[in-house]
Amino acid sequence: MTHFHILDLDTMGQGVAKADGHITFIAKTLPNEVVEADIYRNKKNIHFAHVTEVITAAPERQEAPCPHYAQCGGCDYQHVDYPTELAYKQKALRRHLRHFPDIDITVHAAPQRWHYRNRIQLHYHADKKVLGLMDVNYEPLPVQNCLLIQEQVRDKMLALYQDDAWLELLQDEPKRGHLELYCRDEEVQVSVNEPYANGGFTQVFPHMNHYLTTWLSHQVNQYMDDDAVIYDLFGGNGNLSLPLGRPTVVVDQYGEHQPQDNDTQTFVSQNLYAKDALQRLQAAIPDDMQQPTCLIIDPPRSGLKNLKDFVSTFKPKAVIFIACEPTSFVRDIATCLEHYTLMKVDLFDLFPATQHYETVGVLVRNELV
Ligand SMILES: C[S@@+](CC[C@H](N)C(=O)[O-])C[C@H]1O[C@@H](n2cnc3c(N)ncnc32)[C@H](O)[C@@H]1O
């Protein structure tokens, strides 16, 4: 067992230590702490370790409210209070944005840190009769009272644990897999081995989602004339653009649950990562909506590498880019900076107690700044 002195946190909230020429990443530790840790992965000069004992604790360390915190892979920041978590998240985003030293980052805190998630994925090992969250070793860990999920979701989870009722859902299913519990329209649905957010994507934290969409409306109204046309790309069910009440084309690669057009939103079903995505999109969009004034873009974690192509084709006045992965956020917006200025960056905490957050950047055409 080795002692490690934690020097700093990385952008994923892991402690970083240097010892014997190696850099070691140790999750759930804090700067200035001395910890004992077990190395579980070893890649050249980079090690990854699990903390086994905190020898010298940082003043900001607190006892985690969840008894499973040390083993569970779900949360990253329960060992500090919420203001400290937000300060670390802001610092992490600041580091991602090191090439934009003058940009302010406004942090939007969540009103509650617990019981916010409307869905959870539980992993199972049928032979071992184990169902739970992925632990730090990527094995299912039974956690019957997860603090992140809404009460209805927790009640459903407890019912599945009762007498191992979940095993009955596994007719003809593989020995290992996952269940998803997803609260939509006040009802918790359970799906087995279906893709993430089965039935259509919604943000996991409904209250913060409402806050984000309201904020977004203010931004769009600030930069847009009354007759502006908006494109909501990776728009899902049109969540972000519905409150705008403006003519909008919502584009997403829907499954079987494609939303219906309404008074303001026109839905187009399309793979935006396809090679010919732009040509197809232009062909699918009604003639009177070919010239958008604003692009709202909210891709999955992989981002939109060819954002520049979308921007140079449509030449919008503004682009609002929303990203759950800050690395792709920085990579993608960097491609547009010849003609656009990054005006502001906002951090919305849609995932309290975890290392994740949403980054929102507003880009405006240079001649309008
Ligand atoms: C982060 S979610 C955003 C959804 C929506 N903006 C919202 O706020 O609810 C990303 C969306 O991208 C969609 N998506 C994933 N891959 C896609 C692709 N290749 N082409 C188009 N949409 C895709 C997903 O269906 C999902 O709705």
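## Exercises on a ligand shell and a sheet

By class, the shell around the ligand holds seven nonpolar, seven polar and two charged residues, where Asp, Glu, Lys and Arg count as charged, Ala, Val, Leu, Ile, Met, Phe, Trp, Tyr, Cys and Pro as nonpolar, and the others, Gly among them, as polar. This is a predicted model, in which local features need pLDDT of at least 70 and side-chain atom pairs count only at pLDDT 80 or more, while totals for chains, interfaces and linings use all residues. Residues are numbered from 1 along each chain as its sequence is written, and side-chain values use heavy atoms, with hydrogens and water left out.

**Exercise 1.** Find how many residues surround the ligand, and which polar side-chain atom lies 2.8 Å from a nitrogen atom of the ligand.

*Solution.* Begin with the shell, counting residues with a heavy atom within 4 Å: there are 16, and among the closest are Asn239 and Leu272.

**Exercise 2.** Work out the strand order of the open sheet of five strands, and name its edge strands.

*Solution.* Strands are DSSP runs (E, at least two residues), numbered from the N terminus, and two of them pair if DSSP finds at least two bridges between them. The order is β9-β8-β7-β10-β11, with antiparallel pairing. The edges are therefore β9 (140-141) and β11 (187-192), since each pairs on one side only. Within the sheet, three bridges join β7 (residues 119-125) to β8 (residues 130-134), and Tyr124 stands opposite Leu131 in β8.

Key:
A polar contact is a pair of N or O atoms within 3.5 Å; within protein, one must be able to donate a hydrogen and the other to accept it, and residues adjacent in sequence count only if both atoms are side-chain atoms. Helices (H or I, at least four residues) and strands (E, at least two) are DSSP runs, numbered from the N terminus.
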